[in-house]
Structures are given as C-alpha cells and as structure tokens.
Amino acid sequence: MDSTAHWIWYPGDFSIHQGMLQNFAREERGMGWPAYWYIDDCNRNINFSRTYDLDNPTDFTVYARGIGYVDINGKKFRLGETLRCESGKNVITIFVGNPTGLPCVYIDGLVVKSDKGWQASNFVSELPAGNDPLFTSKDQNPNVIEYQKAELNPTKVKEIDNGVLFDFGRAVNGSLKVKLHQIDEVTICYGESRTEALDVDMCYYKQESVDETTHIRKRAFRFVFIPNAKKDNINLIAIHEYIPKQNISDFQTDNPLINKIWNVSTETLNLCSDLFFIDGIKRDRWIWAGDAYQANFINQYSFFNEEVDRRTLLALRGQDNIKQHINTIVDYSMLWVIGVLNHYEMTGDREFLKIVYPKMESMVRYFINQTNKQGFIYGRENDWIFVDWSEIDKDGTVAAEQALLIEVYKTMVTCGSVLNRPIEYYQTLHDQLLENFLQHFWNEKKGAFIDSYESGKNHVTRHANIFAILFDLVDDDKKESILKNVLLNDKITRITTPYFKFFEQDALCKMNRQDIVYTTILDYWGGMLANDAVTFWEEYDPTKSGKDMYSMYGDPYGKSLCHAWGASPIYLLGRYFVGLYPTRPGYREFHVEPELDQFNKFHAILPIKNGKVIVDKNGDTLSVLASKGGGTLVLGKNEYALIPNKKLTVSLNHAKVDAG
C-alpha cells in the first residue's frame, strides 16, 4: 500500500475543477472566450472516512482547503489542530466544504495520514479518495497549479518595418518581462510565425499601451514585434511556464530529417501536455477529446505520463450526469470511451478503470438512446458530427460514426471482462451493428465504404475506410480492397489535417505499408520544417505558401502552429518501426517487432510501464535490451524471449548471434 501522504479529494474532482478552469483560458483578439459546451465543476462538500485499529495512541493534524471539522468516534474537533487517537478502534470522519474551489484535505501524522485507504463521499456515492503526485506537501494548495518558470532571451533581434522584431527561436508558453529606454510605452504584437507578428493590424494577440508595470498575461508565441521602436528602446525577456515531465525516450538514425521530426514532435507534445492534453498553446487551450485520444498514443512512446492522461480523461467526462456530448461532438464522446481502454492497456491501472467504468456505461447508454432501428447512431439537434475537416457526405447516418460505435461496444466487452461485469448486452449490440454496418455501408462496386447510404450519392472518403482497418471490422480481402481503392487512390480526396493523417498512417502501417508512411512523414512533417516550423501545426496544406499557410476558420492567423495532434510521428515510429506494443495490459508482456529497412544505423530508447526498451541496428545486426521481463523480439516467424537487462543480438537473416 502506498504510504506517501497526499492531498486527497473526491475522485475526479481535481481534474474536473482544473479542467473547467482550463476551458476558460482561451483569449481571442483581446476577448476572453470560454468553451462553448456545458462544463462541470467539482463537488462542493465532501466527507472523508477511515477506521484505524491502533496498538498505541497517535497524533495527527488535518489541513483543509475549505471549512469543516473532524469527527473522531462521534466527537467533533477543529481543523488545523493537533488531534489524538487513543489505542483501539477509531472511526475518523472529516467534513470539508468549499463554495469557490476544490474541497480537499491533507492529514499529517505518522500513522493517521492521507495515504491510500481513505474513502471519499459526496453524500451520494462513496469511492476511494483521489490524489495526484503533484500535491504531496501540506504547504501546497491543489487549487493553485505551480508552474516552473524559465527566462528566455531572444535568439535574434532585428529592426524592421519601423519597429523591432524579437525571435525567441522556439515556441514560448508564458509572459514577457519588458524593460524600456527613452520611451514610455509600447505596443506588443505576438506571432507564432514571423508573418503574424509583423502584421500589426491582424496579429492574433496584441497588447497596447504597455509599460514596465503593465500586467502581461500568459500567451503563446515565438516572435514579438514592437512597432515604432528601435533596438535601443526596449529589452524583452520571455518567461516560459511549464510543468516538468520526465522523458527517457531517444531516437537517433542515419537520417537527420527523421531525427529532427522526432525531436520537434516531442517538443510539440511537451508544450501541449502540462496538466492536461490540450489542443494547442496559442488559440483554444481547450481540452478536446479527439486531440486527447491521439495525444496519449503519442505520449505512450515519449513521456509515458500516466497522470496527464488520467487527468484528461476525468476532466473530459466530468460528473456522472450527461447533458450533451463531450465538446458537443458525437465522435469525440465515442473516442473518449475507446481512449479509456487504451489507457488501461498502457498502464494496467485496474483501479482507475473500476472508478471510471460506471461513467463509461452511462455514456454508452446515452449513445444507445440516439440510435435508430438498425442500431446506427445519428446526430441530434446541437450535436456536431465532426469526423474531420473534409467534404464528407453527412446526409443521414454517417459510416465513420458507426465504425466508432462498433469499437465502443467492443471496448465495453473488453473492459467489462476485466472487471467481471456482464458483457452479453454489449456483445449483442456489437454483433448486430457490425452486420448492419457491412450490409448498408459497404459498396461492392466501389470496393469501399460509402459515407452515407441514405443520400444515394455513394460518396467515398477515406475516414470510415480507415476506421474499418484500424478496428478490424473487415476481413483481409476487404482490407486489401480498401487499400487499393481508397488509401492508394489519388482520386479520393486527400487528408490535410495531422488529426486524420494520424489515423490514415496508422491504417497503412497495419497493412504493412511502412514504406509509404516513412515517405509521408518526411514529406508532410518535413514540409512544415521546411517552412521554419519549430513545432507541428494543426493543419498543413503543401499547396499553400506565404501568409495563406497560416489561415484557418476564416481568420488569417487562426491556425495553431503548435498542435498536439501534429506530433503523431512519435507514435508511428515507435509503434510500427521500432515495433513496440503491449500484449498484456501495463506491459506485463510486450512485443518488439521492428521494421527498420529504411535505416542502416538506428538507435532508440522507448519507455514501457516501469521500464524501458533499447533497440539498435547497425547494418545487418540488430540488438534489443529490455529493463524488465515479459518481452519478446519478433522477427518474421521467429520469436526470441527478452531476458531483463540482457542484450539480445541477432542478425537480420534471423540467425541468432548472441544473448548476454
């Protein structure tokens, strides 16, 4: 049992409360912009309880964020005072309420302390109390996030356009420290790109009448332009804010471009994953379920940060009662359910699954209530059928949505089995929906799934076909047909968002087309680097140039140039080129199945649960070392057990060379 004392709260409440605050963090052109969906907040009054059987008397103190009292065996005591439990049975209940923030307590004592074992009740349900590794000191306040700060000097300063352009050489998520000389005040124009910062009239962020005492809020930028100034007039220092995360991953090959793509992907995810997985650091700063779903796949091969993913899943779902789809998007609600299973497969955290499973069930009931007689889910008033920014036929029920719902039912079968819950209902729904999906949406003439059968247009896009491969909804013959008629067919509208590039390249790798994916990574993500990207973008269209590259949503600088889903090369390279993946939850067992034909020299370190895997290639020689047991190296039909901390070396003609 974990004996470390933490601040504790009702499970999920910290994430829900901080998630609410995160979704109020957006600023657009001088206006605050709260998220446009229903947002939950934490419970306001909680009681914590635990029974101790003590051999000896012991003292403890309860610190709280809120008001309340401590009850020991029916007698009330004040918070913040030293209290004593006598030997024998002691029933302790702590009541705390906070009308403006998160109600939580820290219990300081040698025996009686806020470690694992406390129950939390919101007076309706009782569950094991929640905690977070960020808050382990009684002097902290879980209502306040403690960011580390780093001062950054500009890498370049240039007089241009009757002003001064500061280039910090990297994406900054923070504020500015301003020092003025022979000038009273200035205007600050921010930009993720040089073009944006120099556009005084239309830059996304601009702050006027700034002097040395002006409060400058946290924003995202690389460039800052000060119009009507000279170099001698102003000094700027950026104050970058972040929450430190450990990253043991390393990726070095004989291709410098692929190395840079990995590193820029890592920087992109790092910036978009402080407390939660957010979409981007400049524009929304919101928690979107589709972005978060992909971010944790990427996280699994870089930071392996379980806490960020756990917080994000809890914040997205909110409290038990459902008033609308997550982010108002039907497909995002379904990706949330599927994402819980990915979290479990990554971490093996059965306790988290047990807590969140009732919220999965209620969400799935919400889906079922908006299905028709064929079992197809449809959009209701105020629902957003998103799928992707693409010309999809959304007249009637949409194929991509049905593919997701089939995977949702499969997820409930898997998770229910882990928790020994009844699964027959979900299995029946899965089987019936899969049969109807194939019957209504598969078009034999097209050799592919159409978007909608109700419109009569027989329109084919890539999206449903990609999901069909990813979720194994079709047999091998249909997969090959989809590969030929859709994925390798230039007549089918191409995908331009990194969001669906993630799914598309994932599907191609599942079809053993790493050769195509490798070229796409170099061309698509390399194309952003060729346009001076220091982080990867929300969307990239290689046919656009100049100022047009940065426009989106009808705004000349609406596009996010640091967007979490842009970091997907980490996942693609880790999962399908290094070939690392769990075969039992929490990497109790795992495979390394490398496909490294594109590299002559290769070195990678990737995290796994409670360990790491190191893969090296030099010419025809491959070596693999895992720091924990349960691993298997797979080369074609040959399999080799990985002994903990012993390097296994093989030749790539599959002849074993050395293990020791």
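## Helix α12

α12 has 13 residues and spans 18 Å from its first C-alpha to its last, close to the 18 Å expected at 1.5 Å a residue. That expected span is 1.5 Å times one less than the number of residues. Helices here are DSSP runs (H or I, at least four residues), strands are runs of E (at least two), and both are numbered from the N terminus. The model is predicted: local features need pLDDT of at least 70, side-chain atom pairs count only at pLDDT 80 or more, and totals for chains, interfaces and linings use all residues. Residues are numbered from 1 along each chain as its sequence is written, and side-chain values use heavy atoms, with hydrogens and water left out.

Twelve of the 13 residues of α12 are buried, so the helix is largely enclosed by the rest of the structure. Buried means under 20% relative accessible area, exposed means over 50%, and partly exposed lies in between (1.4 Å probe, protein chains only). The buried set includes the aromatic residues Tyr-499, Phe-500, Phe-502 and Phe-503. Lys-501, Glu-504 and Asp-506 are also buried. The cover over the buried residues of α12 includes α4 (289-300), α6 (330-347), α10 (462-470), α11 (476-487), α13 and α14. After α12 comes Asn-512, with a positive phi near 65°.

## Helix α13

α13 covers residues 514-530. Its 17 residues reach 23 Å from first C-alpha to last, close to the 24 Å expected at 1.5 Å a residue. Twelve of the 17 are buried, so α13 is largely enclosed by the rest of the structure. Among the buried residues are Tyr-518, Tyr-524 and Trp-525. Gly-526 and Gly-527 are buried as well.

What covers the buried residues of α13 includes α3 (256-271), α12 (498-510) and α14 (569-577). Asp-532 follows α13 and has a positive phi, near 70°.

## α5 against α7

Two packed helices are described by the angle between their axes and the distance between the axes. Helix α5 (residues 306-317) and helix α7 (residues 350-368) have axes that come within 11 Å and cross at roughly 30°. That makes α5 roughly parallel to α7. Angles under 35 degrees count as roughly parallel, over 145 as roughly antiparallel, 65 to 115 as roughly perpendicular, and the rest as oblique. Axes are lines fitted to C-alpha atoms, for helices over the stretch in contact, and angles run from 0 to 180 degrees between N-to-C directions.

Arg-310, Leu-313, Leu-314 and Arg-317 of α5 meet Phe-352, Lys-359, Ser-362 and Met-363 of α7. Contact means heavy atoms within 4.5 Å. The residues of this contact of α5 with α7 divide into four nonpolar, one polar and three charged. Ala, Val, Leu, Ile, Met, Phe, Trp, Tyr, Cys and Pro count as nonpolar; Asp, Glu, Lys and Arg count as charged; the others, Gly among them, count as polar.

## α1 against α5

Helix α1 (residues 13-22) also packs with α5. Their axes lie 8 Å apart, at an angle of about 70°. That makes α1 roughly perpendicular to α5. Phe-14, Ser-15, Ile-16 and Gly-19 of α1 make the contact with Arg-311, Leu-314 and Ala-315 of α5. These residues divide into four nonpolar, two polar and one charged.

Glu-361 sits in helix α7. At 21% relative accessibility, Glu-361 counts as partly exposed. Leaving out residues up to four places away in sequence, Glu-361 touches Met-412 and Tyr-426. Val-337 is 24 residues from Glu-361 in sequence and 9.1 Å from it in space, C-alpha to C-alpha.

Val-387 lies in the loop between α7 and α8 (399-418). Its phi is near 65°, a positive value in a residue other than glycine. At 3% relative accessibility, Val-387 counts as buried.

Ile-72 belongs to strand β5 (residues 67-72). Its relative accessibility is 7%, so Ile-72 counts as buried. Leaving out residues up to four places away in sequence, Ile-72 touches Phe-60, Phe-77, Leu-83, Arg-84, Cys-85, Asn-90 and Val-91. Ser-125 is 53 residues from Ile-72 in sequence and 22 Å from it in space, C-alpha to C-alpha.

Asn-73 is in the loop between β5 and β6 (75-78). Asn-73 is partly exposed, with a relative accessible area of 45%. Its phi is positive, near 55°, in a residue other than glycine.
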